[in-house]
Amino acid sequence: MDKEKRVKKIDAPTLVLSSGTRTGSLMVQKSKLLAISGHLQGTEFNMNKDLFIIGSGPHNDLVLEDSTVSRRHCEIQLTPDGYVIRDLGSTNGTLVQGVKVTEAFLDQGTEFQLGKTKFVFCPLQEATEYTVSKREAMGRLIGKSFRMRRVFHLAETYAPTDATILIQGETGTGKEVLAEEIHKHSHRKNKPFVVIDCASLAREIIESELFGHTKGAFTGATTDRIGVFEHADGGTVLLDEIGDLSPDLQPKFLRVLEKREVRRVGSNQIRNMNVRIISATNRKLESEVNLGKFREDLLFRLSVVRIEMPPLRKRKEDIALLTTQFLKEFHGDDALAQVVNFDKTMDAFCNYEWPGNVRELRNLVEIAFYGERRPVDLGAFLYVNRSNSRDDSSKPDHPADRPFKVAKGELIMEFEKDYISDLLKKHGGNISQAAREAGIERAYLQRLIKKYELK
């Protein structure tokens, strides 16, 4: 095999020993790394964390003093399927068994190399428990899969504390919902839960929005105003899409995290704040650190606790459960009785990769009942090749194959997304200017931007 070929995954036997019948917990072999080349040759490293990060930066679990190793080079994660190594967008790559990979399972004796150092993965005789929650729901979040019950376990464990939490996961996996549920299960539940969308903050007013301002601090500041952090006093602040935070604002956020104090624009008075910080991102922040787009010390402060929301394609045993919940939520308790071939439809859903994750499934269930045809065939709304082909030819060519309202809705959504994208490009991302030219309210434009996940 060509050693420069990049592969997504190399399958290997897992190190899962057994699963508990009562709680569903997994018993997994503990493991260590043995350096067999490089300046650490002969040194052993026990992996005593679910997520073990290796790189040249000072905040890694294993620090390699090697100029050919990136600051955040790779991670080894314990999953329900065993140990997985992932490259974090490193400059020189991660080699497993001599092959440059993005992700691969590790098994006994597997060798991998970072820069000048080569390691051997060594399972131990001792086992560790991969603990999951006994519950299959946490507020609005539901799931019986090991991955979701692991999320529930971590959320239940740390919600009562004031630990700073970083929630990572693809778009549409439910990161904001999880953050809100953590808030609701904390001692801060009767205080504000405030969301800051870091991707949509206008640079010219961002400090005023976040930290507040005093009267006369700048043109247009006719009164004193408190910022978001002060408004959330006693509660929780969610820094949504933290990976989109501009580099010039990152030091200010770091000071807020470290000192828990703010200063309004135009004032010299320091105000203490009592807020819990949760952040969420669909980006791999370690890769952003390697690219110089995100501060490593800020990532270190944000990720005291990490929770990863799994994509829907990795928790397919939850699809029927979620579909049933959405049917009841949107269309009433008797909606399931109006669905044709539910079991067959679930088979089709499980053969689909769900790039939009839970949000895509939710939208599909909502739109499926807009037509008058009954019973409803949910499978007809899944425009994919069931063999997982990504070719656009899997999408129907004839709008008349779908109900009128569905076809019309698709065209409107396509128009809105294309129009807003072009509008934002024309005005360099300035939302106020774009809204004025389009003749729509700024708030409405922001809702459309968020709806279609535009930048």
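Which residues of α1 are buried? The sections below take up this helix, then a pair of helices, then a loop residue.

## Helix α1

This is a predicted model. Helix α1 covers residues 146-158, 13 residues in total. From its first C-alpha to its last α1 reaches 18 Å, close to the 18 Å expected at 1.5 Å a residue.

The buried residues of α1 are M148, R149, R150, V151, F152, L154 and A155. The elements that cover them include the strands β12 (117-130), β13 (137-138), β14 (141-142) and β23 (305-308), together with helix α2 (175-184).

## Helices α8 and α9

Helix α8 spans residues 319-331, and helix α9 spans residues 342-350. Their axes come within 10 Å and cross at roughly 120°, which makes α8 oblique to α9. The crossing in which α8 passes α9 is right-handed.

On the α8 side, the contact is made by I319, A320, T323, T324 and L327. On the α9 side, F342, M346, F349 and C350 take part. Sorted by class, the contact of α8 with α9 has 7 nonpolar residues, 2 polar residues and no charged ones.

## Residue S56

S56 sits in the loop between β4 (51-55) and β5 (62-63). Is S56 buried, partly exposed or exposed? With a relative accessible area of 26%, S56 is partly exposed, because buried means under 20% and exposed over 50%.

Leaving aside residues up to four places away in sequence, S56 touches V63, L64, D66, V69, S70 and R71. S56 and H73 are 17 residues apart along the chain, and their C-alpha atoms are separated by 7.5 Å.

Notes
Residues are numbered from 1 along each chain as its sequence is written. This is a predicted model: local features need pLDDT of at least 70, side-chain atom pairs count only at pLDDT 80 or more; totals for chains, interfaces and linings use all residues. Side-chain values use heavy atoms; hydrogens and water are left out. Helices (H or I, at least four residues) and strands (E, at least two) are DSSP runs, numbered from the N terminus. The expected span of a helix is 1.5 Å times one less than its number of residues. Buried means under 20% relative accessible area, exposed over 50%, partly exposed in between (1.4 Å probe, protein chains only). Contact means heavy atoms within 4.5 Å. Axes are lines fitted to C-alpha atoms, for helices over the stretch in contact, and angles run from 0 to 180 degrees between N-to-C directions. Angles under 35 degrees count as roughly parallel, over 145 as roughly antiparallel, 65 to 115 as roughly perpendicular and the rest as oblique. A crossing is left-handed if the near helix is turned anticlockwise from the far one by less than a right angle, and right-handed if clockwise. Ala, Val, Leu, Ile, Met, Phe, Trp, Tyr, Cys and Pro count as nonpolar, Asp, Glu, Lys and Arg as charged, and the others, Gly among them, as polar.
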